[in-house]
Amino acid sequence: MIKVENVHKQFGAKNVLCGVDLEVRDGETLVIIGASGAGKSILLKTIVGLIKPDMGSVKIDDVDITKCSSLDLHKAQKKIGYVFQEAALFDSFNVFENVAFGLKNLTSLNEKEINQRVVQCLAMVGLEKIEHLKPSELSGGMKKRVGLARAVAYQPRYVLYDEPTAGLDPIMSDIINNLMINLRKYLQVTSIVVTHDIKSAYKIADRITMLCKGEMIFNGTPEETKHTKNEYVRQFVEGSSCGPINVDKTFGMGRI
Ligand SMILES: Nc1ncnc2c1ncn2[C@@H]1O[C@H](COP(=O)(O)OP(=O)(O)O)[C@@H](O)[C@H]1O
Ligand SMILES: [Mg+2]
């Protein structure tokens with residue numbers, strides 16, 4: 001189980017996370033929605049131990065990774081696959097080496113098994129025969145999918161996805177949605193998915209939660225989200241520029 005309690009994070013004078021509480025039960029897919037700049041990526045990076053919060057705790061299977069030894073942090077991180085918002089592939093490695101990275105370092109699979117797993121994971125995200133290419137030779141969507149294949153290749157118990165369908169066409173987005181659903185169904189993967197893609201959220205989520213200015217302001221099932229009276233959530237899921245979430249009124253012509 002992943003349990004986040006009262007997490008605060010400040011950058012300079014800016015409070016990015018202001019007392020976040022979050023619990024993800026085993027086998028569950030939790031979707032986090034929220035406007036750009038709400039703190040979603042910072043929250044995921046805090047959960048995976050890449051950012052240390054100023055206050056609060058992050059427990060991965062009862063180990064508080066904000067206070068444990070670096071050895072225990074490393075053990076906890078081995079249980080988590082992380083799909084970065086911006087793919088974050090190793091530029092000097094080709095696609096095969098990128099996807100095989102965790103398999104070589106975190107598992108005892110032999111070379112043949114690693115080869116098979118890499119091919120299988122790339123096929124799962126709709127990519128074939130591109131093992132020899134470098135990240136610079138891939139489109140944005142392909143990089144994203146290689147990042148996804150890399151994150152799930154060593155079959156981690158938890159997978160954190162940061163905007164996994166952003167920049168993908170609708171068909172590829174649905175392939176990724178089904179991949180996330182199947183990982184939960186067949187491998188009992190527990191997931192946290194940050195997304196702006198409401199259609200995807202409704203399809204994959206057991207629960208949807210909304211982060212607004214560093215605070216969790218909503219938590220409900222997809223059905224409850226669809227029918228909520230919470231104005232912030234309604235504005236977000238309906239994609240409206242009118243509502244409590246401030247948009248820059250001076251943008252373009254401003255008010256007409
Ligand atoms: N390393 C950093 N230093 C200072 N501010 C940061 C840093 N990383 C993120 N921020 C700020 O934190 C806020 C939340 O960022 P982020 O979590 O990336 O938002 P999003 O919800 O869009 O993923 C933003 O205002 C961003 O500018
Ligand atoms: Mg982000």
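The model is predicted, so local features need pLDDT of at least 70 and side-chain atom pairs count only at pLDDT 80 or more, while totals for chains, interfaces and linings use all residues. Residues are numbered from 1 along each chain as its sequence is written, and chains are lettered from A and ligands numbered from 1 in the order in which they are written.

Around ligand 1 sit Phe11, Val16, Gly34, Ser36, Gly37, Ala38, Gly39, Lys40, Ser41 and Ile42 (a residue counts here if its C-beta atom, placed from the backbone, lies within 6 Å). Helix α1 (residues 40-47) gives the most to this shell, with three residues; helices are DSSP runs of H or I, at least four residues, numbered from the N terminus. Six of the eight residues of α1 are buried, namely Lys40, Ile42, Leu43, Leu44, Thr46 and Ile47. Buried means that 20 or more other C-beta atoms, placed from the backbone, lie within 10 Å of the residue's own. After α1 comes Gly49, with a positive phi near 85°.

Now for the helix pair. Helix α3 (residues 95-106) and helix α5 (residues 140-153) pack at about 25°, with axes 7 Å apart; axes are lines fitted to C-alpha atoms over the stretch in contact, and angles run from 0 to 180 degrees between N-to-C directions. That makes α3 roughly parallel to α5, a label for angles under 35 degrees. On the α5 side, the contact is made by Val146, Ala149, Arg150 and Ala153, where contact means C-beta atoms, placed from the backbone, within 7 Å.

Conventions:
Helices (H or I, at least four residues) and strands (E, at least two) are DSSP runs, numbered from the N terminus. Angles under 35 degrees count as roughly parallel, over 145 as roughly antiparallel, 65 to 115 as roughly perpendicular and the rest as oblique. Two residues are in contact if their C-beta atoms, placed from the backbone, lie within 7 Å. A residue is buried if 20 or more other C-beta atoms lie within 10 Å of its own, exposed if 12 or fewer, and partly exposed in between; C-beta atoms are placed from the backbone.
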